[in-house]
Amino acid sequence: YRQSMIPALEKAVKAGQLTGYGFSSHRIGGPFRRLETMTAESLENLIAGQEAVLTETRQTKGRAEFTEICGSHDDYIWIRTLGSAPTPGATPSEYSFSRYLVCDMARESEADLIVHTAVAPIMEKHLAAGEITQWGWFIHSLGGTYRRILNWGGPSIMAALNAEGMISTDIADDIMGPAFNSICNSHSDYLWHREAGSR
């Protein structure tokens with residue numbers, strides 16, 4: 001990834017197609033072993049950036065070796081609708097906790113409203129206390145069965161894990177917590193370790 005992908009990704013960022021990228025390794029959670037991300041200001045830019053990267057790396061030995069090692073994947077496109085504002089020049093979180101949620105599709109907008117009114121203040125409280133370093137809420141645009149992501153970053157593995165207990169308890173104890181947990185009633189949790197990426 002570092003040898004074959006990052007140079008092409010950096011070109012796409014400099015060209016304004018992508019705003020960032022990342023590559024993380026599995027630390028705790030389900031069956032997926034690596035997480036590859038690209039971010040952009042629009043869907044059109046995202047697809048253009050992805051295509052530029054694929055075109056540049058498709059015939060390289062490094063890309064072929066990478067694909068041989070990581071031979072299957074699930075693709076998702078997410079829209080980030082809530083979260084902490086990025087801090088310019090800040091060091092990205094070394095660890096990130098992602099809760100991939102399966103939600104009742106007929107009530108997803110209700111879940112989003114609950115996150116906006118109840119969960120966001122909880123996340124901001126833990127951010128202000130220094131217990132997490134960033135957070136985000138993502139809604140499904142394209143891909144598999146997961147419909148929402150709540151994630152946060154931490155400076156250490158224990159910080160990210162300790163935040164999980166505090167955040168889950170705070171959501172459950174909130175007056176709107178039971179409704180949220182009934183709408184998004186199953187999830188898969190992962191703890192990722194950042195291996196490479198843009199700032």
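Me: Before anything else, what does buried mean here?
Reply: Buried means under 20% relative accessible area. The model is a predicted one.

Me: Buried or exposed, then: what is arginine 148?
Reply: Arginine 148 counts as buried because its relative accessibility is 5%, and the cut-off is under 20%.

Me: Which side chain does arginine 148 meet in a salt bridge?
Reply: Aspartate 112, with 2.8 Å from N to O. That pair links distant parts of the chain, since aspartate 112 is in helix 4 and arginine 148 is in strand 6, 36 residues apart.

Me: Which residues are joined with them into one network?
Reply: Salt bridges that share partners join Glu108, Asp112, Arg147 and Arg148 into one network.

Me: How far apart are the closest N and O atoms of arginine 147 and glutamate 108?
Reply: They are 2.5 Å apart, and the two residues form a salt bridge. Arginine 147 sits in the loop between strand 5 (134-142) and strand 6 (148-154), while glutamate 108 belongs to helix 4 (residues 108-128). The pair links distant parts of the chain, 39 residues apart.

Me: Are those two buried or exposed?
Reply: Arginine 147 and glutamate 108 are both buried.

Me: How many salt bridges in the whole structure?
Reply: A search of the whole structure gives nine. One of them pairs arginine 107 with glutamate 110, where the closest N and O atoms are 3.1 Å apart.

Me: Different topic. How many disulfides?
Reply: The count comes to one disulfide. It joins cysteine 103 to cysteine 184, with 2.1 Å from S to S.

Me: What is the handedness of the link between cysteine 103 and cysteine 184?
Reply: Right-handed, with 100° about the S-S bond.

Me: Where in the chain are the two cysteines?
Reply: Cysteine 103 is in the loop between strand 4 (95-102) and helix 4. Cysteine 184 is in the loop between helix 6 (177-183) and strand 7 (186-197). The pair links distant parts of the chain, 81 residues apart. Both cysteine 103 and cysteine 184 are buried.

Me: And what does cysteine 70 count as?
Reply: Partly exposed, at 31% relative accessibility.

Me: On to helix packing. At what angle do helix 4 and helix 5 pack?
Reply: About 145°, with the axes of helix 4 and helix 5 (residues 157-173) 10 Å apart. Their crossing is right-handed.

Me: Which residues meet there?
Reply: From helix 4, Val119, Ile122, Met123, Lys125 and His126. From helix 5, Met166, Ile167, Asp170 and Ile171. By class, the contact of helix 4 with helix 5 has six nonpolar, one polar and two charged residues.

Me: How do helix 1 and helix 2 cross?
Reply: The axes of helix 1 (residues 6-14) and helix 2 (residues 43-57) cross at roughly 145° and come within 9 Å. Helix 1 passes helix 2 in a right-handed crossing.

Me: Which residues make that contact?
Reply: Helix 1 supplies Ala8, Leu9, Lys11 and Ala12, and helix 2 supplies Gly49, Val53, Glu56 and Thr57. The residues of the contact of helix 1 with helix 2 divide into four nonpolar, two polar and two charged.

Notes. Residues numbered from 1 in each chain as written. Predicted model: local features only at pLDDT ≥ 70, side-chain atom pairs only at ≥ 80, totals over all residues. Heavy atoms only, no water. Salt bridge = Lys/Arg side-chain N within 4 Å of Asp/Glu carboxyl O. Helix = DSSP H or I, 4+ residues; strand = E, 2+ residues; numbered from the N terminus. Buried < 20%, exposed > 50% of the residue type's maximum accessible area, 1.4 Å probe, protein only. Axes fitted to C-alpha atoms, helices over the stretch in contact; angles between N-to-C directions. Left-handed = near helix turned anticlockwise from the far one by under 90°. Contact = heavy atoms within 4.5 Å. Nonpolar A, V, L, I, M, F, W, Y, C, P; charged D, E, K, R; others polar. Disulfide = S-S within 2.5 Å.
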